[in-house]
Amino acid sequence: RFPDAAYVHFMGVRPDHRRLGLGKELYRRFAALACERGRTRLMAETGAFNRRSVAFHRSIGFTLEPGDAVVDGIPVHYDSAGIGGDYVVFSMDLREGLL
């Protein structure tokens with residue numbers, strides 16, 4: 001969808017390994033590879049229900065993309081296809097430096 005972006009469909013860290021910096025490190029490495037391949041931004045998504053993921057992505061520098069509605073202060077995209085539920089879209093400008 002976005003020729004200038006590198007897209008993360010799914011990334012997770014085992015619950016007993018969270019808060020060790022692994023998620024941030026995975027994104028840092030992915031961002032470095034994306035830059036090497038000429039991408040200027042990262043895109044990621046998470047379920048609208050996943051407040052921990054929203055908080056994590058914001059904490060490492062992602063911004064929230066506008067959605068179809070705002071729910072509890074979060075822009076949400078409706079799952080109009082009925083595939084996996086409503087979701088939140090994030091982006092990060094890689095020209096502003098890596099994580």
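Helix H1 (22-36), strand E2 and helix H2 (51-59) each give at least two residues to the lining of the largest pocket. This is a predicted model, where local features need pLDDT of at least 70, side-chain atom pairs count only at pLDDT 80 or more, and totals for chains, interfaces and linings use all residues. Residues are numbered from 1 along each chain as its sequence is written, and side-chain values use heavy atoms, with hydrogens and water left out.

Q: Which element gives the most to the lining of the largest pocket?
A: Helices (H or I, at least four residues) and strands (E, at least two) are DSSP runs, numbered from the N terminus. With 6 residues in the lining, the top contributor is H2.

Q: Is Thr-46 buried or exposed?
A: Thr-46 sits in strand E2, residues 41-47. Buried means under 20% relative accessible area, exposed over 50%, and partly exposed in between (1.4 Å probe, protein chains only). Thr-46 has 9%, so Thr-46 is buried.

Q: Which side chain makes a polar contact with the side chain of Thr-46?
A: A polar contact is a pair of N or O atoms within 3.5 Å; within protein, one must be able to donate a hydrogen and the other to accept it, and residues adjacent in sequence count only if both atoms are side-chain atoms. At 2.9 Å, the partner of Thr-46 is Ser-53.

Q: How does Cys-35 count: buried, partly exposed or exposed?
A: Look for Cys-35 in helix H1. Its relative accessibility is 33%, so Cys-35 counts as partly exposed.
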